[in-house]
Amino acid sequence: MAVKDRVPVPELEPSVRKGNFLEVSQGYTFELAHQEAQRCLQCKVPTCVSGCPVGIDIPGFIKEIIKGNLKKSYEILKSYNYLPAICGRVCPQEVQCEGACVLNKIGKPINIGALERFVADFASQEGFEDEVGRLSFSEGISKELGNAPRKLTDLRSKKVAVVGSGPAGLTAASELGKLGVQVHVYEALHEFGGVLVYGIPEFRLPKEIVRREVLQLETLGVELIKNIPVGYAIHPKELLEKYDAVFIGVGAGTPKFMGIPGSELNGVYSANEFLTRVNLMKAYKFPEYDTPIKVGKRVVVVGGGNTAMDAARSALRLGAQVTVVYRRTEAEMPARRAEIHHAKEEGIEFLFLTNPVRYIGNETGKLVGVECIRMELGDPDESGRRRPVPVANSNFVIEADVVIEAIGTESNRFLLNQFPDLKTNKYGYIVTNEYGQTSIPKVFAGGDIVTGSATVILAMGAGKKAAEGIVKFLVY
Ligand SMILES: Cc1cc2nc3c(=O)[nH]c(=O)nc-3n(C[C@H](O)[C@H](O)[C@H](O)COP(=O)(O)OP(=O)(O)OC[C@H]3O[C@@H](n4cnc5c(N)ncnc54)[C@H](O)[C@@H]3O)c2cc1C
Ligand code: SF4
């Protein structure tokens, strides 16, 4: 195989997968992974690593695949990233490690995500996942403390509370757990994982995989405590008294709404509610799970990000004909290219340069249509993207039984307001230094609640950096 050609990852056929929630990507076999790994040039200065927010030794773990030493490969992955089976599936590698791979100059980059997933799944199948997980050390932080055993001993007497079990909280907890810190993770929901369990659907990220990797944190001594919404069940003051440091990783899951006429109609959902019902509450397994969800015949999804793609593809699998309405063009869509490609393959229709202006209901208050207007692109806005501008007198109506708004999320101020003197910016996100330290010295934060809605790996990178900050705060 020429170095420029990528080994394709087997996938379920669109006609098969669109009727169920089975995982679309089937992952590499050993033979395929081995072939793909051999394309890696093992660069002396690996640009891929600089593209990875948690700095994984990418050539290192790939080299061990080539040698057939998959346990060693897993050890390398795990020492940098405690959630490789998850990241291998959902990270936007195309704009991170793979985007920075030198092979882009002559062809396709190494499929780093698929290799990462393969090694993590193999570790689970072969049963060495927990053993490696338990013994893994923290690259970076432990290097710094390596020559200071007293400091490591000091750390074992420290207690840290982590609020929120999304990728940021889980990563902070795993990095601290690897160093022997006593960590308690408080999660408001009845499942751990944040967006990984309530947002991203089963067909992209099976929940069993999330459960498996999350529960591994317990092998590090991390205590996972669910059904505890901090701010309701425990006051932050109590955490500040009981713990030596607190990490806030509560995400930014409060949905934004279009706020157009008809928003109150029966059949108008936020993507957050729709996906939570489908994923966390397992509506797709109704009546086995007692969460009904009605999508009707025609669903309109508003938005162009990953959330919009997940909502659209979930609605399709529940039996609806789905149209995605996006106010810019395909080139500006923030969703991963692979998700857009999969959505199109499955038969989802896209209306670009289109925006809803009104939801239309019948006499019983049920949604029956969406009035839209055509848009055109004007001058760039503050995000650098060209601003969509309505085209006068271009309104038209699409029939719809359900509309799902996926136009972004924001922070929930309820908890933040209870921390005395916690500084937030004008958008309501927590202000931190580069180590995640907030205006309250013993309180650290990271992930979407600091950056606004971003990605799994950026949240993990922030959790890792904050763990480093917490260690410094605790021992120096
Ligand atoms: C539908 C959807 C699809 C996405 N797809 C992708 C993708 O494919 N790839 C990608 O990289 N990114 C994707 N993202 C973005 C990514 O999931 C987020 O950036 C990431 O999960 C943020 O991690 P976090 O730890 O900051 O917060 P979250 O994942 O939001 O986790 C926060 C956790 O804190 C808990 N919590 C909140 N308040 C409290 C409280 N008071 N007490 C206790 N617990 C609390 C919440 O219940 C939640 O479990 C997607 C997002 C969505 C919504
Ligand atoms: S940049 Fe690409 S080819 Fe080079 S080490 Fe990284 S993955 Fe391999």
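These are my notebook entries on what I looked up in this structure, which is a predicted model.

**Entry 1: ligand 2**

I began with ligand 2 and asked which residues surround it. I found Cys40, Leu41, Cys43, Thr47, Cys48, Pro59, Cys101, Val102 and Ile110 around ligand 2. When I sorted this shell by class, I counted 8 nonpolar residues and 1 polar residue, with no charged residues. I also noted that the space ligand 2 takes up is the second largest cavity.

**Entry 2: residues 18-126**

I then turned to the UniProt record, where an unreviewed entry annotates residues 18-126 as "domain: Dihydroprymidine dehydrogenase". In the model this span is 50% helix and 0% strand, and its end C-alpha atoms lie 31 Å apart.

I picked out Gln96, which I found in the loop between α6 (84-90) and α7 (112-126). Is Gln96 buried or exposed? I wrote it down as buried, because its relative accessibility is 10% and the cut-off for buried is under 20%. Leaving aside residues up to four places away in sequence, Gln96 touches Gly51, Pro53, Thr455, Ile457 and Leu458.

I looked at Gln42 as well, which sits in the loop between α2 (30-37) and α3 (47-50). Its phi is near 50°, which is positive although Gln42 is not a glycine. I marked this down because most residues other than glycine have a negative phi. At 27% relative accessibility, Gln42 counts as partly exposed.

**Entry 3: residues 158-463**

The UniProt record, again in an unreviewed entry, gives "domain: FAD/NAD(P)-binding" for residues 158-463. I read this span as 26% helix and 25% strand, with its end C-alpha atoms 18 Å apart.

Asn227 lies in the loop between β3 (223-225) and α14 (236-242), and I noted for Asn227 a positive phi of about 60°, although it is not a glycine. With a relative accessible area of 47%, Asn227 is partly exposed.

I next found Ile260 in the loop between β5 (254-255) and β6 (268-270), where it is buried, with a relative accessible area of 14%. Which residues does Ile260 touch, if those up to four places away in sequence are not counted? I listed Pro356, Val357, Arg358 and Tyr359. Ile260 and Pro356 are 96 residues apart in sequence, yet their C-alpha atoms are 8.1 Å apart in space.

Last, I checked the peptide bond that joins Phe286 and Pro287, and found it to be cis, with omega about 10°. I noted this because most peptide bonds are trans. Pro287 has its place in the loop between α15 (271-280) and β7 (298-302).

Terms used
Residues numbered from 1 in each chain as written. Chains lettered and ligands numbered in written order. Predicted model: local features only at pLDDT ≥ 70, side-chain atom pairs only at ≥ 80, totals over all residues. Heavy atoms only, no water. Near = heavy atom within 4 Å. 1 Å grid on protein atoms, 1.4 Å probe; cavity = no way out; pocket = protein on both sides within 12 Å on 5 of 7 lines; lining within 4 Å. Sits in = over half its atoms within 2 Å of the grid points. Nonpolar A, V, L, I, M, F, W, Y, C, P; charged D, E, K, R; others polar. UniProt positions renumbered as here; feature names shortened; annotations may be inferred. Helix = DSSP H or I, 4+ residues; strand = E, 2+ residues; numbered from the N terminus. Buried < 20%, exposed > 50% of the residue type's maximum accessible area, 1.4 Å probe, protein only. Contact = heavy atoms within 4.5 Å.
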